[in-house]
Amino acid sequence: MRTDDFWQLIDRAREGAGGEPDAVAARAVALLAERDPEEIVGYAHHQRRVLAASYRVDLWGAAYLINGGASDDGFEYFRGWLMTQGRAVFARAVADPDSLAELPRVRSAALSGEEFECEDMLAVPWEAYRKATAADLPTDRDPVAPPDLNDFWDFDDEEEARRRLPRLAALFTEPPAE
């Protein structure tokens, strides 16, 4: 499976899912389960690469601001949600986490407190493989380089958040405008 195929499958899963992340994940499982097992393994490989590429400190800080906190698992689930938003949003957020402030749903979350997570999206290749073969997905032996987290900062430091993620900080650390 090529990277374009990976994202096209997610785009197809997004169609008719009504923007609901868990529905996107369920549709992705169904679509992927129709493919050859080798393609499902390829999808799993691409998912690992996408998750590794997005394991970045400033994106974690963005998740922390948006969701009012983000543990290790919470950051994983946030990136699962981010995958459900499609390739363009995902790539833009990895390159510039502050760009998430442009998403209408994120903007409204500043007032509603909605959190963005999708654990089910992370399980798509395992669920699809099990559905297609009645067996467990083989272990991926292709190592992914560990992320560099040397630039960690205190996500509760509002001044640092404003410096690193000014648009998100304006939404999530400032009192709402009346």
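Tutor: A pocket is an open set of points on a 1 Å grid over the protein atoms alone, reached by a 1.4 Å probe, with protein on both sides within 12 Å along at least five of seven lines; in a cavity the probe fits but cannot get out, and lining residues have an atom within 4 Å of a point. Points are joined across faces, edges and corners, and a volume is the space filled by probe spheres set on them. The model is predicted: local features need pLDDT of at least 70, side-chain atom pairs count only at pLDDT 80 or more, and totals for chains, interfaces and linings use all residues. Residues are numbered from 1 along each chain as its sequence is written, and side-chain values use heavy atoms, leaving out hydrogens and water.

The largest pocket holds about 180 Å³ of space. Its lining consists of Thr3, Trp7, His46, Arg49, Val50, Ala53, Arg87, Phe90, Ala91 and Val94. Helix H1 (3–14), helix H3 (37–53) and helix H6 (87–95) each give two or more residues to this lining; helices here are DSSP runs (H or I) of at least four residues, numbered from the N terminus. By class, the pocket lining has six nonpolar, two polar and two charged residues.

H6 is the element to follow from here. Its residues Val89, Phe90, Ala93 and Val94 are buried, that is, under 20% relative accessible area with a 1.4 Å probe and protein chains only, whereas exposed means over 50%. These four lie on the same side of H6 because they cover an arc of only 130° around the axis, taken from the directions from the helix axis to the C-beta atoms. An α-helix has 3.6 residues a turn, so residues three or four places apart point the same way. Ala88 and Ala95, on the other side of H6, are exposed. The buried residues of H6 are covered by elements including H1, H3, helix H4 (57–67) and helix H5 (72–84), with contact meaning heavy atoms within 4.5 Å.

Apart from neighbours within four places in sequence, it touches Leu59, Val89, Phe90, Ala93 and Leu100. Leu82 and Leu100 are among the residues with the most contacts inside the largest nonpolar core, which has 56 residues; the others listed are Tyr43, Phe78, Met83, Met121 and Leu168. Such a core is a set of buried Ala, Val, Leu, Ile, Met, Phe, Trp, Tyr and Cys residues joined through side-chain atoms within 4.5 Å.

Trp60 counts as buried because its relative accessibility is 5%. Asn67 is buried as well, at 6%, and beyond its sequence neighbours within four places it is in contact with Phe78, Glu114, Glu115, Phe116 and Glu117.

Technical notes:
Ala, Val, Leu, Ile, Met, Phe, Trp, Tyr, Cys and Pro count as nonpolar, Asp, Glu, Lys and Arg as charged, and the others, Gly among them, as polar.
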